[in-house]
Amino acid sequence: MKAIRYYGPEDLRLDDIPEPSVGPKQVKVKVAWCGVCGTDLHIYHGAMKGAVPTDAKPHPITGQTLPVVLGHEFSGTIVELGADVDPTRYAVGQNVTIEPCVSCRQSDCPSCCNPNTCNQCPRLWCVGVSGGGGGFSEYVAVNQELVHVLPPNVPLDVGALVEPLAVAWRATKRANIKAGDKVLILGAGPIAIFMIHTARLFGASWVGVSGRRPKRCELARQHGASVVYDLTAPGGVDVSAEVLRETGGRGADVVVDCGGSQSSIDMAVKAVRTGGMIMNVAAWTKPPTVDLNTMMFKEVTLGNSVVYSNEHPELIQAMADGRFDNLESLITRRVPLEEFLEKGITALLNEKNEHVKILVRP
């Protein structure tokens with residue numbers, strides 16, 4: 001089968017590799033669509049040390065060395081069941097989405113003892129990052145507990161958006177966004193736009209978004225932002241001052257940092273209300289300086305949210321209930337696997353303003 005494999009920084013190749021065999025408790029999936037993620041860009045640049053194995057040091061959980069198949073935001077159709085797979089839950093022909101992050105599930109791991117904190121496991125690994133196959137291939141064999149059946153009203157392309165949407169879903173819950181809240185989202189990338197949807201679904205009455213890329217800012221407007229602050233506008237914009245004006249001088253109840261820059265955390269501290277919440281969803285390339293004195297005197301809570309844990313079932317039920325609108329419009333390009341290098345990863349690197357989510361069909 002064809003697969004995109006990572007050999008090292010800036011070295012991705014389209015290879016012919018054997019199809020995976022299905023283990024006793026595994027499900028074999030014919031991949032339909034796989035999203036190109038910011039994490040894939042970090043891997044491409046060699047910035048995911050530890051999560052990705054090397055050619056000399058195997059990953060401690062998967063045991064794999066480089067090269068590894070990439071792709072962790074994917075959907076597909078079941079084509080084979082392992083001998084011990086639960087036949088009451090899974091059947092050949094079902095459309096599914098994959099939950100790629102896997103904890104160690106050991107009894108001595110405090111994080112894994114609670115299904116809602118498995119994402120905090122120090123030995124967390126990810127299908128399509130750490131080994132174990134990936135979505136940028138024709139077939140994947142994964143453990144049955146990672147497979148979630150899609151409802152009939154969710155097509156396979158939208159099914160490939162479930163993984164990043166689950167990131168936003170968890171962050172929204174951890175920020176305790178509720179009816180009437182005013183929420184500021186810093187950044188206008190894919191997770192930020194998914195955050196607009198989840199914040200609205202949980203009851204936010206006002207959602208402001210700041211961004212630097214005009215097309216993404218326009219998409220934020222289309223997907224429910226009350227106001228969008230384009231940081232590239234002539235003369236600039238004082239986001240914190242604008243938020244204070246919009247909220248009657250009070251500030252945002254919740255500020256979600258999807259930007260991960262010094263300027264974004266500075267903006268968050270200024271724009272959040274007294275007693276409010278800053279929720280960090282960004283992965284930082286270098287440690288920021290945080291004004292803890294201002295946060296202390298405002299009694300601001302700083303929270304963090306990483307990937308997801310036990311979010312997929314309730315999120316997929318919300319999708320089945322029709323509580324999300326227009327998700328497919330976030331898909332800005334669909335490309336075959338053979339064009340991944342040119343029109344997938346390279347496009348996302350060089351045309352960030354043009355794309356939110358590029359999907360690849362193996």
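Where is Glu10 found? I placed Glu10 in the loop between β1 (2-8) and β2 (11-16). A reminder to myself before going on: this is a predicted model.

**Backbone entries**

I checked phi for Glu10 and got a value near 60 degrees, which is positive in a residue other than glycine. Most residues other than glycine have a negative phi, and most peptide bonds are trans. I also looked up accessibility: Glu10 is at 54%, so I noted Glu10 as exposed, the cut-off being over 50%.

Next I turned to Asn310, which has a positive phi of about 70 degrees although it is not a glycine. I found Asn310 in the loop between β16 (301-304) and α9. Its relative accessibility is 41%, so Asn310 goes down as partly exposed.

Then I went through the peptide bonds. I wrote down a cis bond joining Leu66 and Pro67, with omega at about 5 degrees. Pro67 sits in the loop between α1 (38-44) and β4 (68-69).

**Helix pair entry**

Two packed helices are described by the angle between their axes and the distance between the axes. I looked up both for α3 (residues 162-174) and α9 (residues 312-320): the angle is about 105 degrees and the axes are 10 Å apart. An angle from 65 to 115 degrees counts as roughly perpendicular, so that is how I describe α3 relative to α9.

Which residues of α3 and α9 meet? From α3 I listed Val162, Glu163, Leu165, Ala166, Trp169 and Lys173, and from α9 I listed His312, Glu314, Leu315, Ile316, Ala318 and Met319. By class, this contact has 8 nonpolar, 1 polar and 3 charged residues.

**Buried residue entries**

I picked Arg216 next, in helix α5 (residues 214-222). Is Arg216 buried or exposed? Its relative accessible area is 12%, and under 20% counts as buried, so I wrote down buried. Leaving out residues up to four places away in sequence, I found Arg216 touching Ala188, Gly189, Pro190, Ile193, Leu348, Lys352, Asn353, His355 and Val356. I followed up on His355: Arg216 and His355 are 139 residues apart in sequence, with 7.6 Å between their C-alpha atoms.

Leu330 was my next stop, in the loop between α9 and β17 (331-336). I noted a relative accessible area of 1%, and Leu330 is buried. Its contacts, not counting residues up to four places away in sequence, are Ile193, Phe194, His223, Val356 and Lys357. Ile193 and Val356 were already on my list for Arg216. For the pair Leu330 and His223, 107 residues apart along the chain, I got a C-alpha separation of 9.1 Å.

I finished with Ser240, whose place is in helix α6 (residues 239-246). Ser240 has 10% relative accessibility and counts as buried. Setting aside neighbours within four places in sequence, I noted Ser240 in contact with Lys270 and Ala271.

How values were computed
Residues are numbered from 1 along each chain as its sequence is written. This is a predicted model: local features need pLDDT of at least 70, side-chain atom pairs count only at pLDDT 80 or more; totals for chains, interfaces and linings use all residues. Side-chain values use heavy atoms; hydrogens and water are left out. Axes are lines fitted to C-alpha atoms, for helices over the stretch in contact, and angles run from 0 to 180 degrees between N-to-C directions. Helices (H or I, at least four residues) and strands (E, at least two) are DSSP runs, numbered from the N terminus. Angles under 35 degrees count as roughly parallel, over 145 as roughly antiparallel, 65 to 115 as roughly perpendicular and the rest as oblique. Contact means heavy atoms within 4.5 Å. Ala, Val, Leu, Ile, Met, Phe, Trp, Tyr, Cys and Pro count as nonpolar, Asp, Glu, Lys and Arg as charged, and the others, Gly among them, as polar. Buried means under 20% relative accessible area, exposed over 50%, partly exposed in between (1.4 Å probe, protein chains only).
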